[in-house]
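Subject: Structure handover

Hello,

Here is the structure I said I would pass on. My notes on it follow below.

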Amino acid sequence: MRSAKDFFRPLAVGAPAPLREIPWSPSRMIHFFDPSNPKMAAKVPEIATKVDIILGNLEDAIKTENKEAARLGLVEIAKKTDFGQTQLWTRINSLDSPWALDDLTTLVTEIGDKLDVIMVPKVEGAQDIHYVDRILAQLEARAGLTRPILVHAILETAEGMTNVEEICAASPRMQGVSLGPADLAASRRMKTTRVGGGHPGYLVRQDPTGDDLTEGRSTYQQDLWHYTIARMVDACAANDVLPLYGPFCDILDVVACEDQFRNAFLLGCVGAWSLHPVQIDIAKRVFSPDPADVAHAKQVVEAMGDGSGAVMINGKMEDDASCKQCLVMLDLARALAERDPDLAAAYDL
Ligand code: GLV
Ligand code: MG
C-alpha cells in the first residue's frame, strides 16, 4: 500500500510536484472540436474567446484514418493559438486502443505547457488513473514541465460506475469526472438509443380509478439519469473533484438540452459538454447562478452574520445549513463575476 505522504511526491524523477488542490476556474462548458477538420480548426481561436474550456477531441467521432491527423492538428493549433484564460483540454483515445500511448507522448512532449487537462475515456477503475498518472509524470519530466497536467475521467462503463469513488480518489491529478451517457447506456445494456436526456417510456402511472385500466391515469416521465448523476456528484464532492454532465446529442432540441443541463446543475454539476456552438450559450446560462438566487443568497448571508442562530426572511426560516447553501451559490457567482463583467453587473456583488 502507498503511504499517504507519497501521494504528493512526483511519480517520476524531475516531474513537477502534484497539486494539493485543484485550481478553480470556470468550467460551465467543455466545447469539443475535431482537430483533423480544417474548417473546425480554423474557428478555434474565435470560439476559444466564448467558452470556458476548449477540447481537441481525438477519441470517438474521429475516424480511424484521421486519428493521427487529429493528434498532429491539435499540436499545430495549440502551438499557434493564444487561449487567454480559456483552458485547453484534450480527450485522448481509450487506454485499450492502439493510439492512447502515442496521444499522451506526443501531446505532453509537444504542447504539455499549453494543456491544462487530459480527459481519459472509459475509465474502469483506479488502475486506469494510476497508469495515466505515472506516464504523465515521466513525460512531464522529459518535457521539463513545471506544473502537472490534470486528469478528467469519463464515467461511461458499468465498471467505472461501480468504482467511481476510487476513481475520484486515485490521484491528486484528478480534476473532474464527466458522465458519458451514450457509452454508459451501451455498457449497462440500457434499452435507449438516445444520447442523454429523458425517455418517454421511463415513467410512473397513477393507480386505476375503476375497472377500466386506461381511464384517468396520468403518467409522469421520470429522469433516467438521476441515480447516475447523483452518485457521480457525491463521489466527486467527497474527493474535491468537479462533476460535469457530458453530451446531449439532439442538437436541434435546445429546450430538452437546457432541461438536461439544468437538472445536472441543480444536482451539483458545474458544467456540461457543448458539441455545437448553439449549446455554448445554453450552458453559460444554466451553469451561471440565476441573479434572483444570488440576491436571495446575499440577503440570507448578510442577515445571518456569523452564521449561527436563525432568522426569518420573507416567512422562511434560515439557519446555519441554509446559509451554507447560500454560500455555495455566492462563491460560484463571485468567481464567475471576476471573469465576466455582464455577470458582475447582474449579480451586483
Ligand atoms: C460520451 O463519450 C458518451 O459516451 O456519452
Ligand atoms: Mg463515450
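Please keep in mind that this is a predicted model. I begin with a pair of helices and then turn to the ligand.

H3 and H4 pass each other in a right-handed crossing. Two packed helices are described by the angle between their axes and the distance between the axes. For H3, residues 100-111, and H4, residues 126-143, the axes cross at roughly 35° and come within 9 Å. On the H3 side, the residues in contact are Leu-101, Leu-104, Thr-105, Val-108 and Thr-109. They meet Tyr-131, Ile-135, Leu-136, Leu-139, Glu-140, Arg-142 and Ala-143 of H4. By type, the residues of this contact between H3 and H4 are 8 nonpolar, 2 polar and 2 charged.

Now the ligand. Which residues surround ligand 1? They are Arg-91, Glu-156, Gly-180, Pro-181, Ala-182, Asp-183, Pro-247 and Trp-273. Of this shell, 4 residues are nonpolar, 1 is polar and 3 are charged. Helix H7, residues 181-188, contributes the largest share, with 3 residues.

Oxygen atoms of ligand 1 have these polar neighbours in the protein:

- Arg-91: a polar side-chain atom lies 3.1 Å from a ligand oxygen.
- Ala-182: a backbone N or O atom is 2.8 Å from a ligand oxygen.
- Asp-183: a polar backbone atom is 2.9 Å from a ligand oxygen.

On its own, ligand 1 has 190 Å² of accessible area, and the protein covers 92% of that.

If you open the model, the shell around ligand 1 and the crossing of H3 with H4 are the two places these notes describe.

Regards

Key. Residues numbered from 1 in each chain as written. Chains lettered and ligands numbered in written order. Predicted model: local features only at pLDDT ≥ 70, side-chain atom pairs only at ≥ 80, totals over all residues. Heavy atoms only, no water. Near = heavy atom within 4 Å. Polar contact = N/O pair within 3.5 Å; in protein donor to acceptor, adjacent residues only side chain to side chain. Areas by Shrake-Rupley, 256 points an atom, 1.4 Å probe, with all protein chains shown as cover. Helix = DSSP H or I, 4+ residues; strand = E, 2+ residues; numbered from the N terminus. Nonpolar A, V, L, I, M, F, W, Y, C, P; charged D, E, K, R; others polar. Axes fitted to C-alpha atoms, helices over the stretch in contact; angles between N-to-C directions. Left-handed = near helix turned anticlockwise from the far one by under 90°. Contact = heavy atoms within 4.5 Å.
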